[in-house]
Amino acid sequence: MRAHPFLVRLGQAEFARATGRLTRITGEFLEADGPIASVGDYCEVGAADASDRLLAEVVAVEAEKLRLVPIGPLPRLALGAALARAHHVEDIPVGSGFGGRAVDALARPLDGKAPIHHEARQKRAGRPLPPLDRVSPAQRIETGIRAIDALLPLGEGQRVGIFAAAGVGKTSLLEQIARQSACDRVVLCLVGERGREVDVLWQMLRESTNSARSTLIAATADESPSLRLRAIEQAVGLAEHWRDEGEHVLLLVDSITRVAHALRELGLAAGLPPSVRGLTPNVFSALPRLVERCGASRSGGAITAVFTVLSETDDVDDPVVELMKSVLDGHIVLSRQLAEKRHFPAIDLSRSVSRLAGDLLDEAESSSCGEAHALVATYEEARPMIESGLYRSGASDRIDRAIALQPALTAFLGQGTREHCGLQETHAALTRILSGGSHA
């Protein structure tokens with residue numbers, strides 16, 4: 001039996017507003033003796049009638065104090081300043097009004113238009129699907145990118161990562177996927193990006209065929225760690241809302257590494273000890289939760305998630321990379337060597353994998369995919385001998401075939417950022433190459 005709406009509103013009413021006082025102010029966090037709050041709640045700092053009240057997130061609760069992280073620049077605060085719980089901030093606003101809009105981490109417009117009328121609010125933690133309500137992706141997504149569609153196929157509800165060091169084309173590949181992939185909704189989340197990049201990607205979304213059903217959520221590099229984390233929570237919350245309505249949502253996050261950095265800053269402010277590479281324990285628990293909120297639902301609807309992962313080095317061996325590889329359904333590794341040769345997308349096929357390729361490709365496509373992977377791996381294994389002149393033709397039929405087909409395969413894997421190739425055309429081109437023909 002559902003309670004009457006008046007009783008619900010009455011239960012939420014606050015007849016006496018509890019407050020606290022600041023007891024410590026530092027450049028990174030605040031401490032206060034109240035009010036009663038939980039981790040993740042927001043508090044307003046300053047007088048009730050002040051126009052420059054500061055919003056701060058509670059990151060730690062102790063018996064006699066709260067520790068908070070401001071979400072904006074610190075105004076002139078003094079010890080003893082009052083603070084109180086902020087209402088209707090901790091939940092995520094969702095609804096169809098976000099289609100075709102650019103917003104910040106608190107769902108405030110960035111596109112100069114009127115504030116968004118939201119249909120509902122939901123918890124920041126979301127509504128993760130029960131394990132048996134999740135289904136393995138069975139419907140293939142056409143991205144128009146030959147290297148992905150033919151050799152690293154993507155399915156509705158799959159979670160994949162684009163792994164690379166800085167400057168090898170992660171954002172460009174993400175942009176191409178957003179522009180060319182077929183879906184009901186696109187949610188693009190930019191965490192810790194430069195303001196210029198936000199504008200470039202927003203213009204790309206506006207010019208795409210899905211512009212009216214695309215949403216951009218951004219928290220730039222100069223914003224607080226609380227807002228940077230809130231940006232991905234807003235994005236995943238929107239995606240969950242539309243998935244629950246039966247829609248296929250393409251969620252693109254750039255980058256999950258900067259989300260990890262925001263979690264580390266919040267963890268250090270909360271007093272958590274640094275561990276591997278200075279990361280705090282909350283990083284290793286929060287990132288898998290975000291990934292598991294994505295996927296396909298048995299009742300219909302799916303969130304296909306593509307996360308860029310910024311590695312510290314070109315060896316792709318840092319803790320965030322290893323963690324994301326273990327929880328994702330596939331990974332696309334980009335190569336600096338290919339990028340330096342102006343080969344884009346700079347996908348290192350020998351180190352990339354789609355764990356769902358066997359379920360998404362038919363028998364002929366699977367055979368071509370496996371043979372192409374084997375040829376690339378054979379050539380890479382023999383490359384030192386080939387380039388040093390130690391290999392002699394006829395020594396190995398397998399290596400001879402890899403050498404003969406390498407130019408055509410390289411041309412097949414390269415593609416312009418504005419070039420779209422259909423699935424049938426892609427499969428036909430790969431079949432032609434493997435039968436001894438050319439890519440053209």
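1. Arginine 342 lies in the loop between α9 and β20; helices here are DSSP runs of H or I with at least four residues, strands are runs of E with at least two, and both are numbered from the N terminus. The phi of arginine 342 is positive, about 60°, although the residue is not a glycine. With a relative accessibility of 65%, arginine 342 counts as exposed; the classes are buried under 20% relative accessible area, exposed over 50% and partly exposed in between, with a 1.4 Å probe and protein chains only.

2. On the basis of the note: the model is predicted, so local features need pLDDT of at least 70 and side-chain atom pairs count only at pLDDT 80 or more, while totals for chains, interfaces and linings use all residues. Residues are numbered from 1 along each chain as its sequence is written, and side-chain values use heavy atoms, with hydrogens and water left out.

3. The loop of point 1 also holds proline 345, between α9 (336-340) and β20 (353-354). The peptide bond from phenylalanine 344 to proline 345 is cis, with omega about -5°.

4. A cis peptide bond also joins aspartate 254 and serine 255, with omega about 0°. Serine 255 is placed in the loop between β16 (248-254) and α6 (256-269).

5. Aspartate 254 and serine 255 are both touched by threonine 308, a residue of strand β18 (residues 302-310). Leaving aside residues up to four places away in sequence, threonine 308 also touches Ile162, Lys170, Leu174, Val253, Ile256 and Thr257; contact means heavy atoms within 4.5 Å. Threonine 308 is buried, at a relative accessible area of 0%.

6. Alanine 107 is another non-glycine residue with a positive phi, near 65°. Its place is the loop between β8 (101-103) and β9 (120-122). Is alanine 107 buried or exposed? Alanine 107 is buried, with a relative accessible area of 11%.

7. Six strands form a closed barrel with antiparallel pairing, in the order β1-β2-β5-β4-β3-β6. Two strands pair if DSSP finds at least two bridges between them. From one strand to the next the twist averages 45°; axes are lines fitted to C-alpha atoms, for helices over the stretch in contact, and angles run from 0 to 180 degrees between N-to-C directions.

8. Arginine 24 stands opposite glutamate 31 in β2.

9. Two placements of charge over a ring can be noted, the criterion being NZ of Lys or CZ of Arg within 6 Å of the ring centre and within 35 degrees of the ring normal. The charged end of arginine 67 sits over the ring of phenylalanine 29, at 4.2 Å from its centre. For lysine 325, the charged end sits over the ring of phenylalanine 163, 6.0 Å from its centre.

10. The protein has 13 helices and 20 strands. Its radius of gyration is 25 Å, close to the 22 Å that the globule rule gives for 440 residues, so the protein is as compact as a globular protein of that length. The radius is taken over C-alpha atoms, and the rule is 2.2 Å times the number of residues to the power 0.38. The C-alpha trace spans about 85 × 45 × 40 Å along its principal axes.

11. Of the 440 residues, 53% count as buried. Among contacts with a separation of 6 or more, 71% are between residues 24 or more positions apart.
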